[in-house]
Amino acid sequence: MKEFMSYEASLKILRLTLAPWDRVEKVTLTQALDRRIAVDIAAQDNYPARPVSAMDGYAFAWQEGLSEQLKLITDLPAGSDKGLKVEGVKCVKTFTGSLMSDGADTLIPVENVEVSGGKILIKKPVPKGFAVREVGESYKKGEILIKKGATIGYAETALLAELGIFNVSVFVRPRVAVLATGSEIKDLGEPLENAAQIHSSNHVGIAAMVRKMGGEPVLCEIVRDRAELVKNAIVRALKSADVLVTTGGISMGDYDFVKGALGENFDIIIDGAAIKPGRHIKVAKAGEKYIFALPGFPYSAMVMCVLYVRVLLNAWFGASEPKITAIMDEDYKKRSPFLEFTAVNLVNRDGKIYVNLDGKKLGSSAIVNNLTGGAALLIVPKETEFIAKGEIVEVLKMV
């Protein structure tokens, strides 16, 4: 029986072959969503730079034993800076987002007072500093706000806009060709000719994953199980891509021609790993380009895409793998002698993250619906045979 290297050993081999990905471009902020940022973004100043009101009310200088009446001297709309100074029992009507006047350290909401004859009567006092955004509340000068390699989401977009950044440095998306192989699979829109045929889900699913991971997916035509067709398709795909991901044709069958094409034409750096699913994975190099040969079953292919293709892209982008700890919410019995990656649900309950297998079906690695609903991967170490409810476990997030 073939001896497989550990997953950790295979990743070490992969990382040792990597050259830096230094292709960077500028894009406008409105086009930056889901791109990987290429530089650390640091705050150039404190924000807010001066104390600011957090609601509509009256700004004043808080004093112990202050009388219930304050003299209203003027108002200060948001966006204005009148150079006002507040002292004694004076106050300034101040609006949400307005600067706090010099000397004012507290804001009393409009609903806490009555206004009469240029004075306000405090009905419900507030503590010192109430409803005031202090200098640097959001961030302080020099603080790293977005780390290099992070994906620009909606919050990052808003933050970059707040910082006044219009053009953003992002990594050029590596072109990732996706090639599904198999005489039994048909492309989208093609009719099934007999009961032995199925529609391919691997190529579109992995292309979607690649896009979320920061790559630029390139869908190739589906290739039938013929040695020469497979070889030519691989060579053709590599001409226009930085990375090629194939699915199918890597196991022990008579029609597994991807395995042969790689062995004859490229430098195989990883030839299987002691993991479930996907232990027959192969990774090869063609110059500076990578080929990831993944299994044909959809669940296996997508899990392997996370375990290997994402590792490559994250390493290029300087990003880390999204691993978290959680609490096992049911007993779990290990299913194989390998390191396992099992689809689970993540549940936030009372501020703690739990994992369970509700709705996850037992069976082959073809059950792609086990990955729906925001599934994550429970990491079950090779030496572990049983996980009891309540134990702390490691979980790898999907894309």
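**View A. Salt bridge between Arg 349 and Asp 329 in the predicted model.** The closest N and O atoms of Arg 349 and Asp 329 are 3.2 Å apart; a salt bridge is a side-chain nitrogen of Lys or Arg within 4 Å of a carboxyl oxygen of Asp or Glu. The pair links distant parts of the chain, 20 residues apart: Arg 349 belongs to strand 24, and Asp 329 to the loop between strand 22 (323-328) and strand 23 (332-333). Helices (H or I, at least four residues) and strands (E, at least two) are DSSP runs, numbered from the N terminus. Arg 349 is partly exposed, at 33% relative accessible area; buried means under 20%, exposed over 50%, and partly exposed in between (1.4 Å probe, protein chains only). This is a predicted model in which local features need pLDDT of at least 70 and side-chain atom pairs count only at pLDDT 80 or more, while totals for chains, interfaces and linings use all residues. Residues are numbered from 1 along each chain as its sequence is written, and side-chain values use heavy atoms, with hydrogens and water left out.

**View B. Salt bridge between Arg 23 and Asp 242.** The N to O distance is 3.1 Å. Arg 23 sits in the loop between helix 1 (7-16) and strand 1 (24-28), and Asp 242 in the loop between helix 4 and strand 17 (243-247), so the pair ties together parts 219 residues apart in sequence. Arg 23 is partly exposed, with a relative accessible area of 40%, whereas Asp 242 is buried, at 13%. The structure holds 13 salt bridges.

**View C. Loop between strand 2 and strand 3, with Arg 50 and Pro 48.** The side chains of Arg 50 and Asp 81 form a salt bridge (3.1 Å, N to O). Arg 50 lies between strand 2 (41-42) and strand 3 (52-53), and Asp 81 in the loop between strand 5 (69-76) and strand 6 (90-94), so the contact ties together parts 31 residues apart in sequence. In the loop that holds Pro 48, the peptide bond from Tyr 47 to Pro 48 is cis, with omega near -5 degrees.

**View D. Packing of helix 4 and helix 5.** Helix 4 (residues 227-238) and helix 5 (residues 257-265) pack at about 60 degrees, with axes 9 Å apart. Axes are lines fitted to C-alpha atoms, for helices over the stretch in contact, and angles run from 0 to 180 degrees between N-to-C directions. The two helices are therefore oblique to each other; angles under 35 degrees count as roughly parallel, over 145 as roughly antiparallel, 65 to 115 as roughly perpendicular and the rest as oblique.

**View E. Backbone at Ala 131 and Asp 350.** Most residues other than glycine have a negative phi. Ala 131, in the loop between strand 9 (119-122) and strand 10 (132-133), has a positive phi near 60 degrees. Asp 350, in the loop between strand 24 and strand 25 (352-356), has a positive phi of about 55 degrees. Ala 131 is buried at 13% relative accessibility, while Asp 350 is exposed at 75%.

**View F. Cis peptide bond between Lys 276 and Pro 277.** Omega is about 5 degrees. Pro 277 lies in the loop between strand 19 (275-276) and strand 20 (282-286).
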